[in-house]
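Below are my comments on the model, as numbered points. Please read them with the coordinates open.

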Amino acid sequence: MLKKLFLPLFLLLGFSFCQAATEVPVEMLGKNKGEVKIINKDGVDFVEALRLSKILKFQTSWFGRSGQLNLKGGAGFFCVLREGDSYALIKGEKYSLQAPVFIEDGTLYAPLSFFNSDKIRYYSTYQTEFSGGKIVIEKLYDIELLEVKNDDNKADIIFKTKGSVSFNKDNRGKYFAEVFFPKAVVKREETIRPKNEFIDRIKIRQTDEGTALTVQLKGRGNNWEVFQEGDYIALSCGEKAPSSPLGLYASNTSSYSEQSRASNAGGTGVLGKPSVLGEGVASPFTSGDEDITELGDEFFASSSSTGSSSKPSATKVTVVNKLVTAREYEERKNPSAGERKFRILIDPGHGGKDPGAVKRGSAKEKDINLEVAKSLYNLLKKERGFEVKITRDKDVFITLGNRATMGNDFKADVFVSIHANAAKRASANGFEVYFRSDKASDAEAAETAALENEALQYEGKEGGKVTFADLLLKSLANNENINQSSKLAGHIRNSVSKKSSSLGIRVRQDNAIRQANFYVLRGVHAPAVLVEMGYLSNANDRKRLNTKSVKQKMAESIRDGIVSYAKAEGWR
């Protein structure tokens, strides 16, 4: 009888303590960034910590065996979240959490409130909130454009600021007004073309030093001035010296709202050269400028609510939600500080006195590796939000240890080593991608690892910063990246498989991804894979890998896999 009473009670208590994970969308600066899992436990919202940290642009290291997540960011930020702890360790100091961190189904969950704490906002420059069934991430900013409005006598460009924001103004000529806000971060970069008789175009852009406003004036707007009252700044222009429009805003009677701004989102266009320029004055607008807001009749509303004349007022509309440069406040004084990018280290295998596989009728493996790796490097350099480095760009010898060190010094998020395979059996063929494991997945994988590890014989006294003993000691820590390495391998395999027919190199879906103990991967503190593009010991693969077009397609396919992985992990 007692069992019958206790069992329902136990189940009820279990459900009350922890609900099932729910996937909720993430919106960052107005853009969809996928979904993260949320669990409400004892009234506290917990979020999938690894996924959200990556979206917030932190460099992450997940140690599954110990239940620990490390976060790295700018200004020396280093944070540890660990299963069971009721605090986060931030730069060596304990920071109390709303509730202890826990693991559910292999996923680490931390209180969502932690990601909107002062500490995290300071280092990420983002504020994170759970609202309306989704996680909304906005940049910490100092100044935002509220609206552009006009009447018979003048036009006004209205800004709202957070805290103290100063400005410098510059009259570059009869047709241009420029205002600069030092050290200020703008909420959105935008280019606007209002339809009035005073302003032709407005451009707001972020620079390393602050926010720049450039206004191209029309004939009736040649007289302009900048006004500041409280948390509002306005640039006003007209035929005569304008007066300040900010009295109404400073007393909080502005009709502006985020809701009306979002509902009025308009179309885009491409801005050409302005039709009227002052003599000898270069235009700040070029044919490359994009995302123009056209304020037509459909965006006009009565201005009576603001107390001005009965003429219509053009409401500011947002075209796109651009991710502009995000600087930590601590780094604003350093103009070189920039947004954290996804770092990729490309490693062309072998080189110099180490030729790699050598087969009659084929270029040496080291040369094929280098050509594909350089093409891959150039392709990735063109990708937005990526920072790419290559271990060698010419025929030189680099020790396996130094290749790993280069990846760690670069703080690479992924390490991709490019190789061509060889086997005793001439029938062995096809594309393969490996990630590191102490134990090989099969005999062929072990043979491949042994072949690639033969580079150790060339090292001698040139072992580099990372010794073989170091590699062994670090292998345990590196094991924690195995899951991510396998994911990266899967994305690369899938992308190459899509082009296998044009490559002419077979990609087996069942065993193209393998594990083996590669020394070059062992010391890398990031997800790392070794790509074997094909077998130089196989007549068909050898012929294909010695064809220029195939090598280029191979580079493109690997590029596609890396980009796919980056997107899946929340980097894009």
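1. I start with D45, which touches I38, I39, N40, A110, P111, L112 and F130, not counting residues up to four places away in sequence; contact here means heavy atoms within 4.5 Å. D45 and L112 are 67 residues apart in sequence, and their C-alpha atoms are 5.8 Å apart in space. D45 is found in strand β3 (residues 44-48). The side chains of D45 and N40 are joined by a polar contact of 3.0 Å. A polar contact is a pair of N or O atoms within 3.5 Å; within protein, one must be able to donate a hydrogen and the other to accept it, and residues adjacent in sequence count only if both atoms are side-chain atoms. With a relative accessible area of 26%, D45 is partly exposed. On this scale buried means under 20% relative accessible area, exposed over 50%, and partly exposed in between (1.4 Å probe, protein chains only).

2. On the basis of the values: this is a predicted model, in which local features need pLDDT of at least 70 and side-chain atom pairs count only at pLDDT 80 or more, while totals for chains, interfaces and linings use all residues. Residues are numbered from 1 along each chain as its sequence is written, and side-chain values use heavy atoms, with hydrogens and water left out.

3. Overall figures. The chain has 14 helices and 30 strands; helices (H or I, at least four residues) and strands (E, at least two) are DSSP runs, numbered from the N terminus. Of the 572 residues in the chain, 52% are buried. The accessible surface of the chain comes to about 25,500 Å², and 49% of this belongs to carbon and sulfur atoms; accessible areas come from the Shrake-Rupley method with a 1.4 Å probe, and for residues only the protein chains shown count as cover. Among contacts between residues at least 6 apart in sequence, 66% join residues at least 24 apart.

4. The largest nonpolar core has 43 residues, and I346, I418 and I562 have the most contacts inside it. Such a core is a set of buried Ala, Val, Leu, Ile, Met, Phe, Trp, Tyr and Cys residues joined through side-chain atoms within 4.5 Å. Elements that each supply at least two residues of this core include β25 (342-348), α6 (365-381), β28 (432-436) and α14 (548-568). α14 gives the most, with eight residues. Leaving aside neighbours within four places in sequence, the contacts of I418 include I346, V372, L376, V531, M533 and I558. Apart from this core lies another of 32 residues, among them L69, L81, V101 and I137.

5. Strand β28 has five of its five residues buried, so β28 is largely enclosed by the rest of the structure. E432, Y434 and R436 point one way from β28, and V433 and F435 the other way. In a regular strand the side chains alternate between the two faces of the sheet. Four bridges join β28 to β30, the two running antiparallel, and Y434 has L530 as its bridge partner in β30.

6. Which residues of α7 are buried? They are L400, G401, R403, A404, T405, M406 and G407. With seven of its 10 residues buried, helix α7 (residues 400-409) is largely enclosed by the rest of the structure. R403 has a relative accessible area of 2%, and a polar atom of its side chain lies 3.1 Å from the backbone oxygen of I398. At the start of α7, a side-chain oxygen of T399 reaches to within 3.0 Å of the backbone nitrogen of N402. Just after α7, K411 takes a positive phi of about 60°.

Note on methods: Two strands pair if DSSP finds at least two bridges between them.
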